[in-house]
Amino acid sequence: MRHYFILLKHELRMLLISPPTYIASVLFLCLMGFLYWAILRGMVNAPADMLPSVQFFSVFWIPVFFVVPLLTMRSIAGERSIGTLDTLMTTPTSRVAVVLSKFSGAYIFYMLLWFATLGFPLIANKLYPQASEGGAILDMASLTGGYLFLATSGLLFIAIGIFASSITRSQLVAGMLSFTTLFVVIVGGQQLGNIAENSVDLVVWLDATVNYLQIFQHLDDFSRGIIDTRPFFYYTSTAVLLLGLSTLVIEAKA
Amino acid sequence: MEPIPSIRVENLTRQYGAITAIQNINFTVNPGEVVGFLGPNGAGKSTTMRILSGIMSATSGSAWVSGICVAQNPHEVKRKIGYMPENNPLPDDMRVVEYLRFRARLKEVPGNKLRESVQEVMEICDLARTARRKIIGTLSKGFRQRVGIADALLGNPEVIIMDEPTIGLDPHQIQGIRTLIDNLRGKLTVVLSSHILPEIERSCDRVIIINRGRVVASGTSESLREEFLPGNRFDVEIKGSEPDLLVALKEHGITSEIIHRQELGDNTHRLSLRTEGDETKNLGAQLIAALSQSPKFTLHSLAPRVPNLEEIFLAATKRSWEETIENKPKAAAKA
């Protein structure tokens with residue numbers, strides 16, 4: 001446990017001193033700011049029946065596709081390719097601590113980026129007090145639900161990135177692999193859902209399974225303020241499984 | 001009771017798929033010894049060192065470090081070992097002192113001794129004044145190597161394993177590292193591998209030569225010399241013909257063989273002789289007497305030649321090569 005904190009501190013320190021971190025955060029916030037602005041603008045032109053924050057959370061997949069691979073591809077693959085993973089392994093550090101510290105470092109940074117987007121509704125609220133009188137901009141239920149969704153789904157997404165990074169020594173391959181896996185997990189679930197809707201004669205258990213994997217469905221519930229325990233279980237169990245696999249891979253491929 | 005050897009390796013074998021990297025390696029290293037690991041590229045030096053440091057597991061066989069089995073208790077072994085891998089990987093964007101402190105924390109150096117022990121290894125490796133706050137990415141090769149060695153020394157290990165510590169260094173830096181290793185002699189057990197043979201010969205008490213995954217020779221360079229290159233060697237520069245020389249020597253009861261010749265023109269030759277004579281008598285004096293008595297040639301110079309580790313190494317690895325070739329048909333026949 002002590003090693004975990006030493007490594008985590010090191011991870012966060014390395015994130016803080018490396019320029020790519022700042023470039024990634026600026027780009028992420030610019031993009032998300034632009035999207036939020038576009039949503040507000042759309043609402044001005046035509047009335048919408050969804051809250052701006054609900055609409056904002058429904059585009060979460062855009063940054064996930066590029067931020068998660070960029071954040072995680074370096075973590076283990078990079079260390080392996082320059083050989084510092086070897087030097088790390090010669091210290092009395094457990095492999096679990098190595099994987100967990102990499103995961104936590106990336107996860108903390110990912111969540112910090114998302115929490116920075118909380119600034120958008122706050123700014124909008126401050127600048128246009130009359131618009132927010134109805135509580136549409138700062139709707140606590142949808143904001144809490146949305147960030148809770150991001151926090152839980154982030155566990156799985158970052159774990160996918162860490163796993164991809166642990167099985168190769170090339171950062172590029174790791175990045176591609178996590179991108180495609182994320183694509184399959186996020187979009188694939190939705191496609192399965194579409195198929196399930198179209199064909200009537202689906203067995204009941206299959207229907208339940210498909211629903212279980214529908215990330216957009218989870219988001220819908222969360223951003224309306226409905227918090228279900230099934231998605232929690234889905235994200236955390238899969239994340240734990242992937243991190244466990246990464247530990248085994250590091251152990252075998254050292 | 002015998003002291004526990006620092007490193008004991010028994011029948012260690014490691015296979016990568018169909019390729020056998022090392023096969024039935026056995027050796028022991030006693031506490032305080034400086035041992036050199038020699039072998040051509042791909043002989044299995046790094047594999048052996050990686051298994052010893054617990055990064056990699058062996059396919060079969062066992063290894064003990066300070067009496068602790070590497071396979072059963074890798075964590076405890078890692079506390080006793082300072083390992084510097086091949087190519088000495090370091091993170092480029094950290095400062096030397098930051099990196100060493102981070103490593104010291106990982107190696108479980110107690111918090112109140114952290115600064116002290118980092119300062120101590122930096123002093124030993126001559127980093128304290130010159131490179132303390134420098135960013136590792138901007139350091140020269142020699143300094144990087146010193147950072148690697150400083151890292152290996154952190155946490156008071158009992159055994160230090162260095163994979164090619166002098167690779168890519170200039171003679172001054174090599175000298176520096178040699179002095180460093182000399183300072184460690186007696187306090188710690190040091191195992192190092194190198195391609196630079198004079199380096200190993202000067203700094204190591206004992207040499208282990210491995211080739212094609214097997215230990216082909218082990219011992220001090222003296223004992224290896226006797227085993228692999230018996231007889232005495234002399235470098236002679238004479239004016240006169242070669243056959244006459246051999247005949248003249250035979251008359252004086254010295255059997256000799258020319259192993260290397262070089263024409264210098266004007267009927268002058270520079271020859272390397274291997275002689276087999278009575279070692280108790282002064283062979284050099286006998287040779288001088290024999291050569292100066294004969295009117296057929298003039299002796300210009302004569303010097304005894306001590307084979308260096310390079311020649312021993314070539315002889316040992318060549319012999320094991322022949323052995324394996326000879327062994328092959330037998331193995332095929334058995335199959």
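A salt bridge is a side-chain nitrogen of Lys or Arg within 4 Å of a carboxyl oxygen of Asp or Glu. The model is predicted, so that local features need pLDDT of at least 70 and side-chain atom pairs pLDDT 80 or more, while totals for chains, interfaces and linings use all residues. Residues are numbered from 1 along each chain, chains are lettered from A in the order written, and side-chain values use heavy atoms without hydrogens or water.

**Exercise 1.** Determine which parts of chain A the salt bridge between A:E11 and A:K102 ties together.

*Solution.* The closest N and O atoms of A:E11 and A:K102 are 2.7 Å apart, and the pair forms a salt bridge. A:E11 belongs to helix 1 (residues 2-17) of chain A and A:K102 to helix 7 (residues 95-116) of chain A, so the pair links parts that are 91 residues apart in sequence. Helices here are DSSP runs (H or I, at least four residues), numbered from the N terminus. Over all chains, the count comes to 17 salt bridges.

**Exercise 2.** Describe how helix 9 and helix 13 of chain A pack.

*Solution.* The axes of helix 9 (residues 140-166) and helix 13 (residues 229-253) of chain A come within 8 Å and cross at roughly 20 degrees. Axes are lines fitted to C-alpha atoms over the stretch in contact, with angles from 0 to 180 degrees between N-to-C directions. Angles under 35 degrees count as roughly parallel, and helix 9 and helix 13 of chain A are therefore roughly parallel to each other. By class, their contact (heavy atoms within 4.5 Å) has 17 nonpolar, six polar and no charged residues. Here Ala, Val, Leu, Ile, Met, Phe, Trp, Tyr, Cys and Pro count as nonpolar, Asp, Glu, Lys and Arg as charged, and the others as polar.

**Exercise 3.** Characterise the packing of helix 3 against helix 5 in chain B.

*Solution.* Helix 3 (residues 96-106) and helix 5 (residues 141-153) of chain B pack at about 25 degrees, with axes 10 Å apart. That makes the two helices of chain B roughly parallel. From helix 3 of chain B, B:V96, B:Y99, B:L100 and B:R103 meet B:V147, B:A150 and B:D151 of helix 5. This contact has five nonpolar, no polar and two charged residues.

Conventions: Angles under 35 degrees count as roughly parallel, over 145 as roughly antiparallel, 65 to 115 as roughly perpendicular and the rest as oblique.
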